[in-house]
Amino acid sequence: MTRRVTGVDAAAAVAAAVVVVVLLAASCCEARDFYVGGRDGWTINPAEPYNRWAERNRFQVNDRLVFRYNKEKDSVVVVSQSHYDGCNATDPLLRDAGGESTFVFDNSGPFFFISGDSGRCQAGERLIVVVLA
Ligand SMILES: *[C@@H]1O[C@H](CO)[C@@H](O)[C@H](O)[C@H]1NC(C)=O
């Protein structure tokens with residue numbers, strides 16, 4: 001059946017298109033919270049290695065990473081790539097030891113997170129996140 005497009009239908013079609021565009025815009029740019037390690041949190045021997053988890057996800061500017069851990073013996077440290085490679089928490093870019101640490105990505109590019117305890121870092125408690133431009 002051929003359907004005649006009247007003025008009213010055309011206006012309705014435009015309105016529907018506008019709604020779709022608004023929904024796409026809202027879902028595309030809403031900042032998201034990522035819980036590092038899921039229910040395991042920030043620990044040695046996570047169920048899924050942190051970097052494999054990171055590769056499965058898309059991180060964007062303004063997204064947030066939440067680390068949960070035992071503040072009696074652990075911390076989160078943001079470091080350079082060379083300090084990441086060496087599990088070296090000396091001279092960090094950022095450090096938090098409150099037990100629940102949230103980091104917001106202000107720009108795109110790679111970010112390197114390690115435990116402030118080098119033994120824990122060596123045991124797998126470290127993470128690289130690449131934030132998309
Ligand atoms: C850790 O980094 C500091 C500089 O931030 C450096 O002086 C020190 O030698 C490094 N430690 C190791 C074991 O590489």
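Colleague: Which residues form one aromatic cluster?

Modeller: The model before us is predicted. In it, one aromatic cluster is made up of F34, W53, F59, F105 and F111.

Colleague: Where in the chain do F59 and F105 lie?

Modeller: F59 belongs to strand β2 (residues 59-60), whereas F105 is in the loop between β6 and β7 (109-115). The pair links distant parts of the chain, as the two residues are 46 residues apart.

Colleague: Are F59 and F105 buried or exposed?

Modeller: Both F59 and F105 are buried. A further edge-to-face pair is that of F103 and F113, at 5.4 Å centre to centre and with 65 degrees between the planes. F103 lies in strand β6 and F113 in strand β7, so this pair ties together parts that are ten residues apart in sequence. F103 and F113 are buried as well.

Colleague: How is a sheet to be read, and what is the strand order here?

Modeller: Strands of a sheet pair through backbone hydrogen bonds, and the pairing is either parallel or antiparallel. Here three strands form an open sheet in the order β1-β3-β6, and the pairing is mixed. Strands β1 (33-35) and β6 (100-104) are the edges, each pairing on one side only. On average, neighbouring strands of this sheet are turned by 20 degrees against each other, with direction ignored.

Colleague: How many bridges join β3 to β6?

Modeller: Strand β3 (residues 64-68) is joined to β6 by five bridges, and the two strands run antiparallel. In one of these strands, β6, F103 is the bridge partner of L65.

Colleague: What sits over the ring of Y84?

Modeller: The charged end of R126 takes that place, 5.1 Å from the centre of the Y84 ring.

Colleague: Finally, which residues surround the ligand?

Modeller: They are H83, N88, T90 and D91. An N or O atom in the side chain of H83 is 2.8 Å from an oxygen atom of the ligand. For N88, a polar side-chain atom lies 2.4 Å from a ligand oxygen atom. For D91, the distance from a side-chain N or O atom to an oxygen atom of the ligand is 2.9 Å.

Note on methods. Residues numbered from 1 in each chain as written. Predicted model: local features only at pLDDT ≥ 70, side-chain atom pairs only at ≥ 80, totals over all residues. Heavy atoms only, no water. Pairing = 2+ DSSP bridges. Helix = DSSP H or I, 4+ residues; strand = E, 2+ residues; numbered from the N terminus. Axes fitted to C-alpha atoms, helices over the stretch in contact; angles between N-to-C directions. Buried < 20%, exposed > 50% of the residue type's maximum accessible area, 1.4 Å probe, protein only. Phe/Tyr/Trp six-rings, centres within 6.5 Å; stacked < 30°, edge-to-face > 60°. Lys NZ or Arg CZ within 6 Å of the ring centre and 35° of its normal. Near = heavy atom within 4 Å. Polar contact = N/O pair within 3.5 Å; in protein donor to acceptor, adjacent residues only side chain to side chain.
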